[in-house]
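Hi,

Here is the structure I promised to pass on to you. Have a look at it first, and my notes on what turned up follow just below.

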Amino acid sequence: MSKIDITLTCLFNAITIKEYIPKDFLKGIIIPIPKGGKDPTVMKNNRGITLMPVIAKLYEKLLYERYEPWARDNNVIDDLQGAFQKKCSSLQSTWLLRETIASNLEQGNNVYVALLDTAAAYDTVWIDGLLVKFFNTGVEGKLWRIICSFYNCFQCSIRITS
């Protein structure tokens with residue numbers, strides 16, 4: 001193992017044992033990305049992407065890798081969910097929707113489709129409610145407390161360039 005591997009292992013083990021996320025992990029930088037053909041000086045004409053420290057993303061990935069098999073085994077993640085699924089893209093989700101509609105129309109069934117634009121939803125998510133839903137899936141104990149601490153004092157600042 002390299003020195004960086006040993007250092008990260010010690011750090012991540014300490015975070016896991018203490019159930020405490022370092023404050024530097026909880027600082028995001030929002031980068032505004034202009035929407036095409038619109039005035040980028042108007043904030044609503046930009047999409048924000050939040051960049052977190054790489055080391056925080058590594059730890060987050062470690063948590064995900066440990067949680068994901070349990071979630072699959074306990075049917076927490078629906079097979080039809082496209083987001084965050086390995087080997088699944090928006091094209092596959094679109095194809096599934098088209099095939100479902102076509103199949104039902106062929107069988108003479110009525111088809112109703114409702115689409116929800118969640119473009120701004122991530123900025124307005126009720127975090128405590130989301131955490132309760134997560135808890136209700138069966139995530140408890142150490143993992144639950146670590147995930148809560150990620151959201152406890154998360155801060156963002158916006159990078160503005162001229």
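This is a predicted model: local features need pLDDT of at least 70, side-chain atom pairs count only at pLDDT 80 or more; totals for chains, interfaces and linings use all residues.

Helix 2 passes helix 5 in a left-handed crossing. Helix 2 and helix 5, the latter spanning residues 141-152, pack at an angle of about 150 degrees, and their axes lie 12 Å apart. That angle makes helix 2 roughly antiparallel to helix 5. On the helix 2 side, the contact is made by A56, Y59, E60, L63 and Y67, while helix 5 brings L143, I146 and F150. By class, this contact of helix 2 with helix 5 has seven nonpolar residues, one charged residue and no polar ones.

Helix 5 also packs with helix 4 (residues 127-136), where the two axes come within 11 Å and cross at roughly 165 degrees. Helix 4 and helix 5 are therefore roughly antiparallel to each other. What is the hand of the crossing where helix 4 passes helix 5, left-handed or right-handed? Helix 4 passes helix 5 in a right-handed crossing. From helix 4, the residues I127, L131, V132, F134 and F135 meet W144, I147, C148 and Y151 of helix 5. The contact of helix 4 with helix 5 has nine nonpolar residues, with no polar and no charged ones.

Now back to helix 2, from its other partner. Helix 1 (residues 3-18) and helix 2 (residues 54-73) pack at an angle of about 65 degrees, with 11 Å between their axes. That makes helix 1 roughly perpendicular to helix 2. The crossing of these two helices, helix 1 and helix 2, is right-handed. Helix 1 makes the contact through L8, L11, F12, I15 and T16, and helix 2 through I55, L58, Y59 and L62. The residues of this contact divide into eight nonpolar, one polar and no charged. Y59 is worth a look on your screen: this residue of helix 2 is listed in the contact with helix 1 and also in the contact with helix 5.

Finally, a word on the second largest pocket. About 220 Å³ of space lies in it. Which residues line the second largest pocket? The lining consists of I31, P32, P34, P40, T41, M43, N46, R159, I160 and T161. Strand 1, residues 27-34, gives the most to this lining, with three residues. By class, the lining of the second largest pocket has six nonpolar, three polar and one charged residues.

That is what I have for now. Happy browsing!

Best wishes

Terms used: Residues are numbered from 1 along each chain as its sequence is written. Side-chain values use heavy atoms; hydrogens and water are left out. On a 1 Å grid over the protein atoms alone, a cavity is a set of points where a 1.4 Å probe fits but cannot get out, and a pocket is an open set with protein on both sides within 12 Å along at least five of seven lines; lining residues have an atom within 4 Å of a point. Grid points are joined across faces, edges and corners, and a volume is the space filled by probe spheres set on the points. Helices (H or I, at least four residues) and strands (E, at least two) are DSSP runs, numbered from the N terminus. Ala, Val, Leu, Ile, Met, Phe, Trp, Tyr, Cys and Pro count as nonpolar, Asp, Glu, Lys and Arg as charged, and the others, Gly among them, as polar. Axes are lines fitted to C-alpha atoms, for helices over the stretch in contact, and angles run from 0 to 180 degrees between N-to-C directions. Angles under 35 degrees count as roughly parallel, over 145 as roughly antiparallel, 65 to 115 as roughly perpendicular and the rest as oblique. A crossing is left-handed if the near helix is turned anticlockwise from the far one by less than a right angle, and right-handed if clockwise. Contact means heavy atoms within 4.5 Å.
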